[in-house]
Amino acid sequence: MSKLTLSAQKPKRLASLDILRGLDLFFLVGLESVMHALSGAVEGEKFQTLMWNFTHVDWQGFSPWDLVMPLFLFMSGVSIPFSMSRYRKGASRRELFRRLFKRFVLLWLFGMLCQGNLLGLDASRIYLYSNTLQSIAVGYLFAALFFVFTSWKTQIFIALALLLGYWGSMEWITIDGFGGGNYTPDGNLAEWIDRSVLGRFRDAAVVNAAGAVEFAPWYRYTWILSSLTFVVSVMSGTFAGMLLKSGKLAPWRKAMVLAVLGLIMAGLGWLWNFDHPVIKKLWTSSMVLVSSGYCFMLMALFYYVIDVCHFRFGLNWLRVYGMNSIAAYMLTLCIQFRCIPHSLLYGLEPYIGSAWYQVVLAASCSLLIYWILWRMYRAQLFLRVYVSTETRRYALPFRRPTYKPK
């Protein structure tokens with residue numbers, strides 16, 4: 001039976017994966033709004049320099065904040081060898097396809113809820129392909145199929161072919177003056193494809209009084225051609241997951257191999273940058289190598305510290321985010337919590353000033369979201385986007401487990 005389940009936690013999870021995912025979501029859900037509010041309240045060159053770490057680069061290059069989305073895709077891939085291995089051993093292929101299809105559809109709709117604002121019931125604000133969850137939907141679908149139906153050597157070949165295919169398309173295809181090695185915001189091939197295929201349904205596009213589609217000059221993210229490299233970002237996590245699941249290496253050696261592979265990938269990506277620029281908004285092949293390399297190194301560090309050395313002091317609170325990452329993401333983007341602290345704390349503004357009052361509101365929203373996630377964690381309620389034959393007792397999406405998890 002297919003469903004969106006809130007189910008009890010299954011045993012034998014990688015604690016390092018939950019905590020690393022939690023760190024990623026903490027930065028996105030808990031810290032981003034607070035830091036940007038602080039940037040308006042704190043004066044001083046040093047703090048403004050620090051804010052570079054919490055800001056996307058305008059175009060070419062890579063900042064620490066640019067790693068948030070690739071890390072999300074990477075970690076969705078790490079889980080594939082742990083959740084999909086039984087399908088390689090003869091489990092129902094019909095169930096597999098149903099599971100992947102439902103996951104794809106639900107993530108796609110969730111992405112439209114967040115970015116397309118379906119809840120606004122405004123057709124002019126519906127966008128088809130514009131959100132991180134949708135990139136995960138595409139990447140996970142194909143990475144899982146490749147994992148189930150091909151060998152790891154074939155998967156490496158596919159990943160390389162996708163990276164080179166994206167690069168070759170951007171370099172050698174020219175249409176209407178777009179492409180042909182042009183990596184500018186207004187002249188690249190991926191931009192032309194998104195405008196031509198999505199049209200009015202591209203994020204931030206509007207229809208003017210004359211009936212023509214106008215594209216926002218500030219919006220430069222591309223999605224359709226970039227889907228090739230979204231798949232590779234998830235596949236890179238799958239490769240890491242296969243290594244972590246393997247019983248052929250000692251745990252400390254797995255961490256070492258992950259770190260070395262990460263260094264190699266990041267180095268190759270920055271070398272490729274001289275010919276094929278590292279541009280996150282286009283999800284270029286060089287950016288995939290750079291970001292995946294960093295993800296490998298982070299996974300190595302967290303795996304060694306948490307799963308090998310069993311050091312978790314001061315880290316377990318991140319599992320509240322990591323084990324309910326979809327819920328955290330949806331709560332942040334779909335619900336406006338600022339009205340709650342504003343209705344309770346508005347009297348502070350005359351005393352602390354408008355800038356610091358915005359900091360208080362941002363921090364209060366972050367704490368409120370964490371409290372909701374913590375209550376869900378304590379109740380062992382975890383939002384899962386998948387299809388399972390093992391959870392038929394939960395006929396409703398938000399039904400609490402009828403047993404007490406161990």
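This is a predicted model: local features need pLDDT of at least 70, side-chain atom pairs count only at pLDDT 80 or more; totals for chains, interfaces and linings use all residues.
Me: How many residues of H6 are buried?
Reply: H6 is largely enclosed by the rest of the structure, because the number of its 18 residues that are buried is 13.

Me: How many residues of H9 are buried?
Reply: Helix H9 runs over residues 227-245 and has 19 residues. Its reach from first C-alpha to last is 27 Å, close to the 27 Å expected at 1.5 Å a residue. H9 is largely enclosed by the rest of the structure, because the number of its 19 residues that are buried is 16.

Me: Is His 276 buried or exposed?
Reply: His 276 sits in the loop between helix H10 (251-272) and helix H11 (285-308). Buried means under 20% relative accessible area. The relative accessibility of His 276 is 0%, so this residue counts as buried.

Me: With which side chain does the side chain of His 276 make a polar contact?
Reply: Not counting residues up to four places away in sequence, His 276 touches Tyr 166, Trp 167, Tyr 183, Thr 284, Ser 285 and Ser 286. A polar contact, at 2.7 Å, joins the side chain of His 276 to that of Tyr 183.

Me: How far apart in space are Phe 47 and Met 35, C-alpha to C-alpha?
Reply: Phe 47 is in helix H2 (residues 45-50), and at 16% relative accessibility it counts as buried. Among the residues that Phe 47 touches are Met 35 and Leu 38. Phe 47 and Met 35 are twelve residues apart in sequence, and their C-alpha to C-alpha distance is 10.0 Å.

Me: How many nonpolar residues are in the lining of the second largest pocket?
Reply: The second largest pocket holds about 910 Å³ of space. Of its 35 lining residues, the closest to the centre are Leu 28, Glu 32, Gln 115, Tyr 329 and Leu 333. Helices H1 (15-41), H3 (68-78), H13 (325-334) and H16 (354-378) each give two or more residues to the lining. By class, the lining has five charged residues, eleven polar and, for nonpolar, 19.

Conventions. Residues are numbered from 1 along each chain as its sequence is written. Side-chain values use heavy atoms; hydrogens and water are left out. Helices (H or I, at least four residues) and strands (E, at least two) are DSSP runs, numbered from the N terminus. Buried means under 20% relative accessible area, exposed over 50%, partly exposed in between (1.4 Å probe, protein chains only). A polar contact is a pair of N or O atoms within 3.5 Å; within protein, one must be able to donate a hydrogen and the other to accept it, and residues adjacent in sequence count only if both atoms are side-chain atoms. Contact means heavy atoms within 4.5 Å. The expected span of a helix is 1.5 Å times one less than its number of residues. On a 1 Å grid over the protein atoms alone, a cavity is a set of points where a 1.4 Å probe fits but cannot get out, and a pocket is an open set with protein on both sides within 12 Å along at least five of seven lines; lining residues have an atom within 4 Å of a point. Grid points are joined across faces, edges and corners, and a volume is the space filled by probe spheres set on the points. Ala, Val, Leu, Ile, Met, Phe, Trp, Tyr, Cys and Pro count as nonpolar, Asp, Glu, Lys and Arg as charged, and the others, Gly among them, as polar.
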